[in-house]
Amino acid sequence: MEFGILGPLLVRDDRGEELVISSTRLRILLASLLLKHNTLVPATDLLETVWDGRPAAKARATLSSYVMRLRKKLGPDSAKRIRTLPTGYLISVADDEIDLRRFLMLSAAGRQAAAHENWELASDTLTNALRLWRGETLADVPSESLRHSECHRLQETRLQTIELWAESCIRIGNGAVAVAELQRLTAEHPLREQSWKHLINALAETGRSAEALHAYQRLRETLADELGSDPSPPLQRLYHHILTPGSSPPTDDEPQIPGSPQVTAMSGDTQSAGEFTPNPLPPAPPHFTGQASQIEDIVGRLTDNRHDVPLVTVSGPPGAGASTLVAHVTHRLSQEFKDGVLYADLGGDASRTHAALKSFLQALAPAGLELPVHPVLQKRLCRSLFAGRQFLVVLDNPADTMDVRDLIPAEPGNAVLIASWGRLTALPGAYNVELAMLPPDESLALVAKSIGRDRLLAEPEAAAALIDFCGGLPLALQSVAAKLAARPHWRLVDLISSLQRDRADVDQWHLSGLEVRSSFDVRYAMLSERQQTLFKLLSNLDVDDFTLTTAGIVLGDSASSVSQDLETLVDVNMLSSPAPGRYAFHTLLREYAQGLSRNTADMALSSRALHRLFRHEISQLQLVSDVLLPEDATGTLARPNPFSCGETAQEWFGDQQLQLLMNMLHHGVGAEDADGLDLTSFCELLQRLLVLTDHWEHLQSAGNR
C-alpha cells in the first residue's frame, strides 16, 4: 500500500488505486496513527485527537468501532497492519510505503552529504526529498490538535530542508533555481534570517546585486520593527561584501567577528593546562534496538551545524534508555566531528559541573596555555576555545538547566547532545526528544538479541506475557533478557511466574531479574516529601489516567495547589500527561509506587485519601443521577448542580470515572464513607445509570458489590 501525509491525506491500495475515506473522524484517526507509524499510540491520545479535545462519554467504545471501520476500508490484511494493543493502537508501515518516512530518510542523507561538503549529492538528494511534498501537511484533515502537536513540527523540518537545499544549489553555482522558492519563504516567514541569507547570496551570485541589497534592507527594517535588532554578523559581512566588489567572500567559520572573545593567555591567577585525556565515552550499547525514527531525527539535527549550534535533549521515564540512546548516537557520530567528542557524566549532581568545565578547558586549550582560576574567566575561555572547532559535546544526567549552560559552545560547527532525567524546559533553543515505550515487535527484538528468536517462538504466549509485563520499558526488557540468557534451560513461563509472584514487593524485583528498582529510586529521591506522598497516593487509584481535580482531592488540597506538584512529576518523567489536565502512570512505576505504600503509616494515609475521594465521587454521582434520572431526584443537596443537561452528565459518567468508581468498590471502600447513603441503594442506583448509559461491562461488578 501507499500512504501520503505530506499534503492531503492519500491512501492507495496495492494496485495503485486511491481509497476514498470520506468520514472526517476516520481520516483524523488514520492520520494520527500514520504520523507515529510503527509506534504505539495510546488510546487516550487518540480520544483527545479524534474528538479534538472533547471526547464524548462513550468515546472509547466508539473509537474501537472507528478502528474496525478503518480496517475494513484498508482491506483484508488490515488487521495485521492496525494492531490493537493493551493501551492503544499501532499501524505497521514499511519505509517505502509512506512519504513521511521517505522524506525523513532523504533529508537525513542530504544533511550527511552537506556535512561532508558533497554539495552536488546534497542538492540532488534534497530535491528528491522536497518533491514528496504535495502541499500543507494533512491539508484536508480538520484537526487542530494534530496541527499544533505534529504538523507544525513537520513544517519546521521542511523549512530547514528547503534552506539546506538552497544552500546546496548556491554552493554548486546553481543559485538561480532557488531564488523563487526563497522569495516565497522570506515572504511567509520574514524573521528567518537563514532564508534571507540564502536569498541574498543567490541574487548576488546571479548578477542581481541591486535586488540582493534591497532584500538586505527589507530584512533590516523588518528586524528593527519586529524585534528591535540588527541582522546577524554573518549577514552584515555578506552585505558589506556585496557593497565592495572584488572583496573576499565571507566565510561562516570566520572567527574575527567584532566583539567576539579571542583565545589569549589570561592575566592574574592561572594554572597550567598540562596533559589531559578527555572523559572516556561509555561503551557502545551491545544490543541496541528500536527508536529508529528518533535516532535519524537526532543525527540529522546534530550534523546540520554549519550556521548554529544544534542542541538536542533526550529524556524519558526511568529505564526508558535515554543515556543508552545517547551513547548509541554518540558512537555513531564520533567520526563526524573532526575535533572529536567531549563527554561528561554529571550524575545529577550540580557540584560536578565545575569539574566538567575544567576538564573541557584542559581538553580544548593548546599546550602551554595558562588556565584562569576564577570560574567566570574559565567559562569565557571555554566558550572562546570552541571557535573554529567541530566538537560534539555530550552531557549525561545534568541536575537542571543551570548545570549545562556553561558547557554549551556558542560557535557554529559544534553540536550538543544531552541525556536528561527530566525535561530541560528552560534551555533556549533545545529540541527535546521524548522517548516512548518500545512497541511489542521492538520489545521482542530486543529480548531476542540476548536469548535468540527461536526461544521466543517456542513459547509465544509466555513471550507475549513477558513483553506485556515489562510494558515496553527497555531497562526492564534488558534485565529479564539477561536473566534468561544466563539460564538457558529456564522456560519463559517460569520467569513470568516469578515476576508475577514478586511484582507486589518492589524489594524482591531484582531476585526475579527486574533490575529497575535502583533506576526508579534515583528519580523518587529527587522529589520533595509532598511530591513523594502524592506519587504514592495516586498509584492506589489503579486507573488508566486521572484528573487534576482527582489528585487534589486525594492529597486533600485544592487542584490549583497540587498542579505544580503534578507538573514536576511529569517533568522528571514519573508521570505522563496524555492530555491537558490528565495524568497517567507507566505500569511498572505504578506498581513501584504501590510497593512503597505498603507500610502501616502509608496504608492509613492511602485509606483516608480513598475515603475522601469516594465521598466526593458519591456526591458527584448523585448530582448526575438527578439529571439523568429526574424521577429519582432527592433534592437533598443544597449546592447548585453543575451538570445542567443530560449531555454534560453523560460526559462525566465516562469510562475513566467508572473505572475509578469500580476500583474503589472493588477495594472495599466501606459504607461508612457514603455520607449516610445506604451502599446497597447506591449500587442499585449505579446499576440503573450503567444500563441507561450503555456501560454493560460494569454491571456485574456493581451487582456483586
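Predicted model: local features only at pLDDT ≥ 70, side-chain atom pairs only at ≥ 80, totals over all residues.
1. With 13 residues at 1.5 Å a residue, helix 9 should span 18 Å, and because its end C-alpha atoms are 18 Å apart, the two values agree. Just after helix 9 comes Gly207, whose phi is positive, at about 80 degrees.

2. Three strands make up an open sheet in the order 3-5-4, and their pairing is antiparallel. Strand 3 and strand 4 are the edge strands, each of them pairing on one side only.

3. The pairings can be followed strand by strand. Between strand 3 (residues 41-42) and strand 5 there are two bridges in the antiparallel sense, and Val41 has Tyr89 as its bridge partner in strand 5. Strand 4 (residues 82-85) also pairs with strand 5 in the antiparallel sense, over four bridges. Here the bridge partner of Ile82 in strand 5 is Ile91. Strand 4 and strand 5 form a hairpin, and two residues lie between them.

4. Strand 5 (residues 88-91) deserves a point of its own. Gly88 and Leu90 point one way from the strand, while Tyr89 and Ile91 point the other way. Buried or exposed, what are these four residues? Gly88, Tyr89, Leu90 and Ile91 are all buried. Two of them have already come up as bridge partners: Tyr89 for Val41 and Ile91 for Ile82.

5. Helix 3 (residues 59-74) lies across strand 4 and strand 5. Relative to strand 4, helix 3 runs at about 155 degrees.

6. Finally, a word on cysteines. How many disulfides does a search of the whole structure find? The search finds zero. For context, a disulfide is a covalent bond between the sulfur atoms of two cysteines. As for burial, the cut-off is under 20% relative accessible area. Cys382 has a relative accessibility of 1%, so Cys382 counts as buried. Cys470 is buried too, because its relative accessible area is 0%.

Technical notes
Residues numbered from 1 in each chain as written. Heavy atoms only, no water. Buried < 20%, exposed > 50% of the residue type's maximum accessible area, 1.4 Å probe, protein only. Pairing = 2+ DSSP bridges. Disulfide = S-S within 2.5 Å. Expected span 1.5 Å × (residues − 1). Contact = heavy atoms within 4.5 Å. Axes fitted to C-alpha atoms, helices over the stretch in contact; angles between N-to-C directions.
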